[in-house]
Structure formats: structure tokens, C-alpha cells
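Subject: Structure for your review

Dear colleague,

Please find below the sequence and structure that I am handing over to you. My notes on what was found follow directly after them.

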Amino acid sequence: MLVELIHPPHPNSTDDRLDPPLGLLLIASYIRNQHPDIRISVNDLSGQKQKDWNIGFADVYGLTVYAPSISVTEKIISKCRKKNPEAKIVVGGAHPSSMPLIFGGDVDHVIIGEGEKPMSDILTSLKSDSKTVLKRIIQSDEPVPFLFPAYDLVNLNSYHRTINKIKSIPYLTSRGCPYKCAFCGLSYM
């Protein structure tokens, strides 16, 4: 089975290549741990124009969605459907967690909250011979074990973050946010 996790570009961002897609890299690490037989890739489209998007063939596409990238994400979903009409398409992230019902028929599953366990459950269901049908909207309430992000799936040198003029990458030391800012959907996660 082939899984492609996709990070959409954020055209209105000050620097669309600041950091690697940490959430997707954590999901990739968890999938590798739970499903060593699955081939997984992370396709970071940040900083790319639509004409340069290279969507691979996959059995499952997982997309992270932010409010500013919703219209771009819809275009990516369309490209995924053209690449493999039979593929399962899963969306997650801050926007689906706060507004899961806005996603239409082109999306097979919407994940609310942390994506590691629900994505693994979807893959387990697809690999099994049983006719288990998972819900369209899946909420994760289970804590996941800490795994190191799958940084090897992206080119770390292509990101721009520096601290004191030294190339840097993000590293997660805890999850969640204690605040409930009106402009942010992370409090739903």
C-alpha cells in the first residue's frame, strides 16, 4: 500500500518554506512504527506554484488543512482524484478539527484532533479483508506515544528557519495549546 501525506502551499504566507510539516512527519513516523509494510511519502508543496505540483500515485492521500489553504487544498484533492480515482482521501489538521462538516464527497475521512492513531486505524481497515467501514468523521481522543518525526522524508535544507543565523528545525516537546484564541482552531485539537 502506498500512502502520500501532502502539505499544501500557503500562498499568502510571509515565508511558505519556513518549517517542515511537523504534523505530517509525526504521522509518517507513527505509520512506519505501526505498519512497516506500508510505503509512505511526505509531499510538501509549500512554496510551489500549482503548475509545479507533483502528486504521486497513492492508495491513500492524507492532507493537512489550514483555513487559509482550504481553496488550495480543494485543488490538490482534485489532482489526487485524477491521479487515482480509487484512492482514499483523508483530511486533518486545525481546520477540519474545528469545521469537519464543510468537507464534501471528494473526502473519504475527516480526522478531528491528533492524526496518528486515526490514520493508522484507516490503514488497518483498508489492509484487512473484513468489510469494516470506518466512520467518515473520526475523532482522536487517545494519546499517542512519542516518536521522533520522520525528518528523512523531506529535504531539511530546503527550509528557511534560522536562529542566530544558524539553520534550525522545529521539535515538538508537548502537544496542544492552553489558549482559546478566536482566530485559531488549535483549541479544538
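Ala-87 is buried, since its relative accessible area is 3% and the cut-off for burial is under 20%. Please note that the model is a predicted one, and that every value in this message is computed from it.

Ala-87 is placed in the loop that lies between helix α2 and strand β4. Apart from neighbours within four places in sequence, Ala-87 is in contact with Ala-58, Asp-59, Tyr-61, Arg-81 and Asp-108. From Ala-87 to Leu-156, 69 residues apart along the chain, the C-alpha separation is 29 Å.

**The sheet**

Strand β4 comprises residues 88-92 and is mostly covered, with 4 of its 5 residues buried. Strand β3, residues 60-64, pairs with β4 in the parallel sense over 5 bridges. Within that pairing, Tyr-61 has Ile-89 of β4 as its bridge partner. Tyr-61 is also one of the residues in contact with Ala-87.

Strand β1, residues 2-7, runs parallel to β3 and is joined to it by 4 bridges. Here Leu-5 stands opposite Gly-62 of β3.

These strands belong to an open sheet of 6 strands, in the order β2-β1-β3-β4-β5-β6, with parallel pairing. Which strands stand at the edges? They are β2 (39-44) and β6 (137-139); each has a single partner strand, so one side of each is left without a neighbour in the sheet. From one strand to the next, the twist averages 20°.

Two helices may be described in relation to this sheet. Helix α1 packs on the sheet, where it touches β1, β2 and β3, and its direction makes about 175° with that of β2. Angles over 145 degrees count as roughly antiparallel, so α1 and β2 may be described in that way. Helix α2, residues 70-83, lies across β1, β3 and β4 and runs at about 175° to β3.

Thr-64 lies in strand β3. Is Thr-64 buried or exposed? Thr-64 is buried, because its relative accessible area is 10%, where burial requires a value under 20%. Leaving aside residues within four places in sequence, the contacts of Thr-64 are Ile-6, His-7, Pro-8, Leu-24, Thr-73, Gly-92 and Gly-93.

Gly-56 is found in the loop between β2 and β3. Gly-56 touches Glu-4, Tyr-61 and Lys-83, residues up to four places away in sequence not being counted. Gly-56 and Val-3 are 53 residues apart in sequence, and their C-alpha atoms are 9.5 Å apart in space.

**The packing of α1 with α4**

Two packed helices are described by the angle between their axes and the distance between the axes. For helix α1 (residues 22-34) and helix α4 (residues 116-127), the axes come within 9 Å and cross at roughly 45°. The two helices are therefore oblique to each other. The crossing in which α1 passes α4 is right-handed.

Which residues make the contact? On the α1 side they are Leu-26, Ile-27, Tyr-30, Ile-31 and Gln-34, and on the α4 side Glu-116, Lys-117, Met-119, Ser-120 and Leu-123. By class, the residues of this contact comprise 6 nonpolar, 2 polar and 2 charged.

**The loop between β7 and β8**

Finally, I draw your attention to two residues with positive phi. Asn-164 lies in the loop between β7 (162-163) and β8 (166-167). Its phi is near 55°, a positive value in a residue other than glycine. Asn-164 counts as exposed because its relative accessibility is 72%, the limit for that class being over 50%.

Lys-165 lies in the loop between β7 and β8 as well. Phi of Lys-165 is near 65°, again a positive value in a residue other than glycine. Lys-165 likewise counts as exposed, at 81% relative accessibility.

Yours sincerely

Note on methods
Residues are numbered from 1 along each chain as its sequence is written. This is a predicted model: local features need pLDDT of at least 70, side-chain atom pairs count only at pLDDT 80 or more; totals for chains, interfaces and linings use all residues. Side-chain values use heavy atoms; hydrogens and water are left out. Axes are lines fitted to C-alpha atoms, for helices over the stretch in contact, and angles run from 0 to 180 degrees between N-to-C directions. Angles under 35 degrees count as roughly parallel, over 145 as roughly antiparallel, 65 to 115 as roughly perpendicular and the rest as oblique. A crossing is left-handed if the near helix is turned anticlockwise from the far one by less than a right angle, and right-handed if clockwise. Contact means heavy atoms within 4.5 Å. Ala, Val, Leu, Ile, Met, Phe, Trp, Tyr, Cys and Pro count as nonpolar, Asp, Glu, Lys and Arg as charged, and the others, Gly among them, as polar. Buried means under 20% relative accessible area, exposed over 50%, partly exposed in between (1.4 Å probe, protein chains only). Two strands pair if DSSP finds at least two bridges between them.
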